[in-house]
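Please read the following report beside the sequence and the 3D view. It covers strands, cores and pockets in turn.

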Amino acid sequence: MLSVAELERLLQDIESRRVERKASAADADRIREAICAFANDTPGHGQLGIVFVGVHDDGRCANLKVTDELLRTLADMRSDGNTLPPPTMSVRKENLSGCELAVIEVLPSLYPPVRHRGRVWVRVGPRRAVATQEEETRLAERNRSRNLPFDMRAVEAATLADLDLVRFRYEYLPAAIAPEVLAANNRTIEEQLRGLRFLSPDGRPTFGALLVLGKDPPAFVPGAYVQFLRIDGRDLTDPIRNQRQITGPIPDLLRRLDDQLEANVSIATDIASHRLEQRRPDYPMAALRQLSRNAVMHRNYESSNAPVRVHWFADRIEIHNPGGLYGQVNRDNFGKGATDYRNPGVAEGMRVLNFVQRFGAGIELARKDLRVNGNPEPVFDLQPNATVVTLRARAD
């Protein structure tokens with residue numbers, strides 16, 4: 001975090017490549033583009049990029065009232081899913097040279113290229129622009145393998161033949177890249193995969209590529225499946241009514257899991273009047289989706305071969321995630337909007353394919369859906385190397 005003196009110096013430097021000025025937050029996408037460009041840090045100087053909100057391009061104060069609501073709106077740009085992978089940034093209010101401003105400080109990303117709505121934005125001197133193919137390639141090559149999370153590391157034994165390239169070309173690419181950028185794109189499929197962090201610089205698929213696009217993910221990541229058990233009773237030792245091992249690349253796995261969950265939801269029908277019929281499930285599907293997808297996204301794929309487990313008892317559902325709290329998420333801020341990503345490649349893939357609408361909001365959304373449906377609050381057991389959430393059925 002820069003000092004007030006450093007911020008004032010940058011505010012006065014009209015030509016600084018580290019600064020972008022906005023009179024207000026009205027044009028939110030331009031602010032997001034600036035954040036994306038600073039996160040990409042094409043010069044490689046490793047310094048914070050600054051977006052001043054409340055000042056004109058020529059340095060004149062815009063006399064903007066910086067409210068708590070404005071600061072929250074700007075802070076939410078980090079995790080609203082429009083910029084991937086999510087940038088590291090901070091937002092605060094400052095009074096600089098007599099002008100009230102919102103200050104956004106953006107750290108260079110460890111995992112470039114960063115995209116906003118499918119485009120890679122970079123700084124070209126004091127302005128921003130969409131990256132050229134050469135600039136995007138340099139950004140992709142900047143990653144150092146020893147610093148990469150597990151799902152962005154190359155898999156020694158894997159080749160392009162282990163990936164479903166038809167799915168990549170016709171499902172993933174159109175969702176990840178802006179249409180006009182894709183239409184003008186004359187890159188090879190290897191260059192496209194590398195630009196989206198699915199290939200290492202030497203052309204090997206990453207673990208994330210195999211999880212999202214692989215023909216047989218468990219061949220390389222043994223725990224990459226979901227074990228579903230429907231138990232006819234309240235104890236694990238009671239008779240099993242139904243069991244499934246749900247596997248496949250993450251898009252197929254999540255759709256099959258949704259089908260399995262939906263098939264087991266019971267819906268009670270209440271006749272409230274002669275003309276009004278109310279249908280109430282014992283568990284709301286929206287909450288089941290949120291919590292099961294959280295487990296798939298945040299689990300530990302690196303050092304645990306255990307699957308995600310869904311145990312459906314007569315009176316409750318338990319979702320077991322073989323992964324404990326990670327990074328900046330702790331017991332105090334868990335489920336309150338705090339986000340960090342053990343598997344940023346998997347998270348990005350799920351967001352691109354629309355299995356996640358907004359990062360950091362899944363647990364709160366699930367709680368709301370359960371509350372509206374009449375279910376008790378979910379109970380989270382936060383263990384060192386695992387997380388278990390228990391949902392109780394709605395009482396009729």
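How many residues of strand β5 (residues 99–106) are buried? Eight of its eight residues are buried, where buried means under 20% relative accessible area, exposed over 50% and partly exposed in between (1.4 Å probe, protein chains only).

## Basis of the model

This is a predicted model, in which local features need pLDDT of at least 70 and side-chain atom pairs count only at pLDDT 80 or more, while totals for chains, interfaces and linings use all residues. Residues are numbered from 1 along each chain as its sequence is written, and side-chain values use heavy atoms, with hydrogens and water left out.

## Strands

Helices (H or I, at least four residues) and strands (E, at least two) are DSSP runs, numbered from the N terminus. Two strands pair if DSSP finds at least two bridges between them. Strand β5 pairs in the antiparallel sense with β2 (residues 49–53) over five bridges, and with β4 (residues 89–96) over eight bridges. Valine 51 has isoleucine 104 of β5 as its bridge partner, and leucine 96 is opposite cysteine 99. In the hairpin of β4 and β5, serine 97 has a positive phi near 55 degrees.

A hairpin of four residues joins β15 to β16.

## Cores

A nonpolar core is a set of buried Ala, Val, Leu, Ile, Met, Phe, Trp, Tyr and Cys residues joined through side-chain atoms within 4.5 Å. The largest has 64 residues, and Phe168, Tyr172, Phe198 and Leu288 touch the most other members. Helix α10 (residues 285–298) gives the most to this core, seven residues. A second, separate core of 20 residues includes Ile35 and Met89.

## Pockets

On a 1 Å grid over the protein atoms alone, a pocket is an open set of points where a 1.4 Å probe fits, with protein on both sides within 12 Å along at least five of seven lines; lining residues have an atom within 4 Å of a point. The largest pocket has 40 lining residues, with Asn294, Ala295, His298, Phe334 and Ile363 nearest its centre. Helix α10 supplies the largest share of this lining, nine residues.

The second largest pocket is lined by 24 residues, and those closest to its centre are Leu110, Tyr111, Asp340, Tyr341 and Pro344.
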